[in-house]
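Welcome! Take a moment to look over the sequence and the structure below, and then we will walk through its two kinds of interface together.

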2 protein chains.
Amino acid sequence: MQSVIPVNLPQHSYNIAIAPGSLDQLGTWMQGTEAYPLKLGKKVLLVSNPTVFQHYGERAIASLEQAGFAVATCLLSDGERHKTLETLSQIYDAALTNRLERSSTFVALGGGIIGDMTGFAAATWLRGVNVVQVPTSLLAMVDAAIGGKTGVNHPNGKNLIGAFHQPRLVLIDPQVLQTLPVREFRAAIAEVIKYGVIWDADLFTQLEAAPQLDQLSNLSAELLQAMLTHSCQAKAHVVSKDEKEAGLRAILNYGHTIGHAVESLTGYQVVNHGEAVAIGMVAAAQIAVALQLWQGTDAQRQLKLLHNAHLPTRLPSGIDLDAILTSLQVDKKVEAGQVRFVLPTQIGAAIVTNQVSTTVIQQVLEHMQAV
Amino acid sequence: MQSVIPVNLPQHSYNIAIAPGSLDQLGTWMQGTEAYPLKLGKKVLLVSNPTVFQHYGERAIASLEQAGFAVATCLLSDGERHKTLETLSQIYDAALTNRLERSSTFVALGGGIIGDMTGFAAATWLRGVNVVQVPTSLLAMVDAAIGGKTGVNHPNGKNLIGAFHQPRLVLIDPQVLQTLPVREFRAAIAEVIKYGVIWDADLFTQLEAAPQLDQLSNLSAELLQAMLTHSCQAKAHVVSKDEKEAGLRAILNYGHTIGHAVESLTGYQVVNHGEAVAIGMVAAAQIAVALQLWQGTDAQRQLKLLHNAHLPTRLPSGIDLDAILTSLQVDKKVEAGQVRFVLPTQIGAAIVTNQVSTTVIQQVLEHMQAV
């Protein structure tokens, strides 16, 4: 089983490869083929965190060195609270110490946080060097590693500082998910369900056919490969049509409007990103139903999938509703003071709107408070 | 007297306007014309430093508000040593506090440092908002404000962290140069002479015809307008042909290879950027003559112009030659370990080469040591 999904963008197209066992061929993949050499230079800065590096660092380095790359390593502290300008400086320092050049390549080996920070460092080091994404979490595989959004958090808001910087290659080895903590696995399923709701009805029904979505061992290898392929295809398709989020790409933010507020207000620690998105999807679904854009029965089907993945569908206890409403105003998705929401209209389709009154948001959030 | 120079780039063309008294029309310029509205949003974050703001802040704000913009202000400490990620955070904080949106605009009112930092903040805030450059130093007018290079310094190297982010408008009011310190004025003349050497023989001979280049009051208004227009045209021309410095644009780095090393090693304080470039131009000229690429008589003509502007043409005393050679290796202009130099071949033309031996560099630097 192997899928290669092209992401077609003017000036910087690239491939997403989904191939079991491919971590040991990272160096070969980075060389490209004879007909299409990737020209990624000779020096590589491998950025990771201690946990991931302990499992997969040696294999990645061995593969890179075997293919002729000179590898330097930079390990960053794990966790969303370290996704800051300060941590970013450590990548810059490592790039300077190891004399990375304009033709050199940063390799992100890790989850979405490592991918976002490494991507942003690559976007801004010497005004832009190559980056290769090797996502090791399911969330990064289906979302963060694809599409070129990079960045770090501001103390008062997630991903407020960043850049668009497309990777030269995304290499996904599903086998590394074996070591992924179950909570992170479930969180990523939220994004997979998201693609089903907003884009891919076929994926949605495949997920409904699965008896359980709560841990890797309950999934067949075929379903896993299908989930990865469908999710990456959905994201690649949307990104190809709208690289800089001028329009269509915004639908990928389904569940993220309320989700980001919840993450931010709980200090990025109580709920993780995927859990926050799950909560945000429930909120957006309820708003869509309240505005009569979506059928209540479809919203129930979504809720069932989320429950099946053991994902949270209510607000964390103690969170202040007014604080959520204020937080929405500083989100990137605000335009002329109006908060933008992505709302489903059927399984497999969604619209973007800024026509949601504060009253409706408030009513929906009240119904979602912790019991 | 008024010149409007178009910078033609795929997807983001813009104008450079050189117009005496235009500071008081900043708001109108930012609206654009009825046929070509600039669509710069309603909110403006005006970034400046206390010195410049004291002179021109009120007039800029009055003009912006009269045109209907809501203006917030962010003042940064003056000086190259403040061009850091840490100072950048102050712009981000101001953007967050004042709820700047994706459609909003950052306005840089100041010299090159303010322009570079504001441009980089705009490149990375919400993954990119509009920026308008209103340069108040001669150096920023003829160089930094044009072309979209933005960034901050790493403790160990200048502009190592940055991005390409084109402004939506560059508005140059030559009248604001009245308050520019004479040392900064002279430093900028180095860049003007640079355009004459590498690109514009006509500009070079106009400069040779001037009796003095050492202070603003010794220049006719016509020569000043001509200098600004020729310099901006040269830069606009080069940038239009090669936005991301894949080739041609590199010639703009004439004098910058040794120049950056000298700036960096003296802690950005002993010599300013233009003075460092003057020193670097002398070094590059001597290298070109040593390699028999350029006539010694032309190098002498360049030297005479630099003297005429009272610019330094020798290394600062106490600087270590070996340290310069080491510093060249960490510059952005290194490729596969080879340092790139821009070398003149005649008045008005230059080439880029990495074929300069360390021996030649060393000999030239030895001859340029302080007497």
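The domain bounds used here come from an automatic or database domain assignment. Keep in mind as you read that this is a predicted model.

In chain A, domain 1 covers 3–179 and domain 2 covers 182–367. Taken over C-alpha atoms, the centres of domain 1 of chain A and domain 2 of chain A lie 26 Å apart.

## Where the domains meet

How many residues of each domain of chain A are in contact with the other? Domain 1 of chain A brings 34 residues to the contact, and domain 2 of chain A brings 34 residues as well. Between them, these domains bury about 2,800 Å², with 66% of that area on carbon and sulfur atoms. On the side of domain 1 of chain A, the residues that lose the most area to domain 2 of chain A are Leu138(A), Val142(A) and Lys158(A), which together account for 22% of what that side buries.

There are two salt bridges between domain 1 of chain A and domain 2 of chain A. Elsewhere in the list of charged pairs, Lys235(A) forms a salt bridge with Asp143(A), and their closest N and O atoms are 2.6 Å apart. Eight residue pairs are in polar contact across the interface of domain 1 of chain A and domain 2 of chain A, both residues being at pLDDT 80 or more.

## Where the chains meet

Now for the interface of chain B and chain A. The contact draws 34 residues from chain B and 34 residues from chain A. About 3,100 Å² is buried between chain B and chain A, and carbon and sulfur atoms give 58% of it.

The count of salt bridges between chain B and chain A is zero, while eight residue pairs are in polar contact across their interface, both residues at pLDDT 80 or more. On the chain B side, the elements giving two or more residues include α3 (85–97), α4 (112–124) and α12 (321–329) of chain B. The most comes from β8(B), with six residues. By class, the side of chain B that touches chain A has 14 nonpolar, ten polar and ten charged residues.

How values were computed:
Residues numbered from 1 in each chain as written. Chains lettered and ligands numbered in written order. Predicted model: local features only at pLDDT ≥ 70, side-chain atom pairs only at ≥ 80, totals over all residues. Heavy atoms only, no water. Contact = heavy atoms within 4.5 Å. Buried area = accessible area lost by both parts, 1.4 Å probe. Salt bridge = Lys/Arg side-chain N within 4 Å of Asp/Glu carboxyl O. Polar contact = N/O pair within 3.5 Å; in protein donor to acceptor, adjacent residues only side chain to side chain. Helix = DSSP H or I, 4+ residues; strand = E, 2+ residues; numbered from the N terminus. Nonpolar A, V, L, I, M, F, W, Y, C, P; charged D, E, K, R; others polar.
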